[in-house]
Amino acid sequence: MSITYGFIGCGNMAQAMIGGIVSSGLAQGADVMASNPSEPKLAAMAERYGIRTTHDNRAVAASADILVLAVKPHFYENVIEEIRVVVPRDTIVVMIAAGQSIAVNAERFGRPVKLVRVMPNTPALVGEAMSAVTFSDLLTSDDREAVLAMLRSFGRAEEVAESQMDVVTAVSGSSPAYVDLFIEAMADAAVLQGMPRAQAYTFAAQAVLGAAKMVLETGTHPGVLKDNVCSPGGTTIEAVVSLERSGMRAAVIDAMNACYRKSKEMSK
C-alpha cells in the first residue's frame, strides 16, 4: 500500500523533501500534495515532479498519511488551528520548524496526534541532508520506519532525544553556513595566490566534500585523518599550526555555543 504525503508550505525545504521523495522512487508525484499561497511556486513543483497542488491547507491535511508542516515557526499556531479537526487519527504530522516542541503542538491539536519533530538542513537541496528526528509516543515502529524512509530519501537521518534538538541546530542545522564561510575563505586565499575564482571555489568545495566523505565512509577519527596528511616538516602541518595559533578550534566551539544558546531561547 502506497503512502500519501502532504506538505503545507512549499518553500525551499519542502521542495527539497518533495524532490527526494519523488526522485528516489519512494512515491509517485500523484501521491504527493502541497499547498501554498504562491501559484507560481505550486505550478513549478507540479510541472517538475507531477505532484498535486492546492491553496487549501485543509485539503492537504485531510488526505495525507504523512503531513509535513513546512511553514515558518510563527505560523504554526494558526495553521494547526485551521487543520486540526480534519487531520485523520492515524496521520503522522511532521514538524520541521525550529523551536516547535512536540508538547506545545500536541496541546494545540487538543487531541492525540502522531507528532514528529525533525531538524533537516539545507543540503537536502542536493540530496545530502543531515536530519535529526524525535518521535512522540503514539507512533508505531512502522510509523517510525516510514518517516525515516522519507528523510533518508534526501540524505541521512538519525533519531535523537528531543532535548538534543538545540545541539542538532548547532552541529548540523546551522553548520552549512560555517562550512560555506570556510570554503569562501579558502577560495579567497587561492585567488590571492593567483587561481581564478571559479576554479578556486571548485577546488575548495571538492576538498571539503572529499574530507567529509572520508570521515563518514571510513569511520576513521578525523584527528587520525588529519595526522595522515601532516608529513613531518611538510606543508600541511605548517598550515595546521597556523590555524591553531589563530584559535580555529576555539572559534568554531564558540560559534556553536552561540548558536545553541540562541536555539534554546527560541524554544522557550
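**Figure 1. Gly-99 in the loop between strand 5 and helix 5.** Gly-99 counts as buried at 19% relative accessibility, where buried means under 20% relative accessible area, exposed over 50% and partly exposed in between (1.4 Å probe, protein chains only). The model is predicted, so that local features need pLDDT of at least 70 and side-chain atom pairs count only at pLDDT 80 or more, whereas totals for chains, interfaces and linings use all residues. Residues are numbered from 1 along each chain as its sequence is written, and side-chain values use heavy atoms, with hydrogens and water left out. Helices (H or I, at least four residues) and strands (E, at least two) are DSSP runs numbered from the N terminus. Leaving aside residues up to four places away in sequence, Gly-99 touches Arg-117, Met-266 and Ser-267; contact means heavy atoms within 4.5 Å. Gly-99 and Pro-73 are 26 residues apart along the chain, and their C-alpha atoms are separated by 7.2 Å.

**Figure 2. Strand 6 (residues 114-119) and its parallel partner, strand 5 (residues 92-95).** Six of the six residues of strand 6 are buried, so this strand is largely enclosed by the rest of the structure. In a regular strand, side chains alternate between the two faces of the sheet. Both faces of strand 6 are covered, with Lys-114, Val-116 and Val-118 buried on one side and Leu-115, Arg-117 and Met-119 buried on the other. Strand 5 and strand 6 run parallel and are joined by four bridges; two strands pair if DSSP finds at least two bridges between them. Opposite Arg-117 of strand 6 stands Met-95, and Arg-117 is also one of the residues that Gly-99 touches.

**Figure 3. Arg-108 in helix 5 (residues 102-109).** Arg-108 counts as partly exposed, with a relative accessibility of 24%. Not counting residues up to four places away in sequence, its contacts are Tyr-76, Glu-77, Ile-80, Arg-84 and Gln-100. Between Arg-108 and Tyr-76, which lie 32 residues apart along the chain, the C-alpha separation is 9.2 Å.

**Figure 4. Ser-263 in helix 12 (residues 248-267).** Ser-263 has a relative accessible area of 9% and is therefore buried. Beyond residues up to four places away in sequence, Ser-263 touches Asp-166 and Thr-169.

**Figure 5. The second largest pocket, with about 730 Å³ of space.** A pocket is an open set of points on a 1 Å grid over the protein atoms alone, where a 1.4 Å probe fits, with protein on both sides within 12 Å along at least five of seven lines; lining residues have an atom within 4 Å of a point. Its volume is the space filled by probe spheres set on the points, which are joined across faces, edges and corners. Of the 26 lining residues, Met-13, Val-71, Lys-72, Ile-96 and Ala-97 are the closest to the centre of the pocket. Helix 1 (12-23) and helix 7 (165-173) are the elements that give two or more residues to the lining, and helix 1 gives the most, with three residues. The lining divides into 15 nonpolar, nine polar and two charged residues. Here Ala, Val, Leu, Ile, Met, Phe, Trp, Tyr, Cys and Pro count as nonpolar, Asp, Glu, Lys and Arg as charged, and the others, Gly among them, as polar.

**Figure 6. The protein chain as the setting of these views.** The chain has 12 helices and eight strands. Of its 268 residues, 38% count as buried. Its C-alpha trace spans about 70 × 40 × 30 Å along the principal axes.
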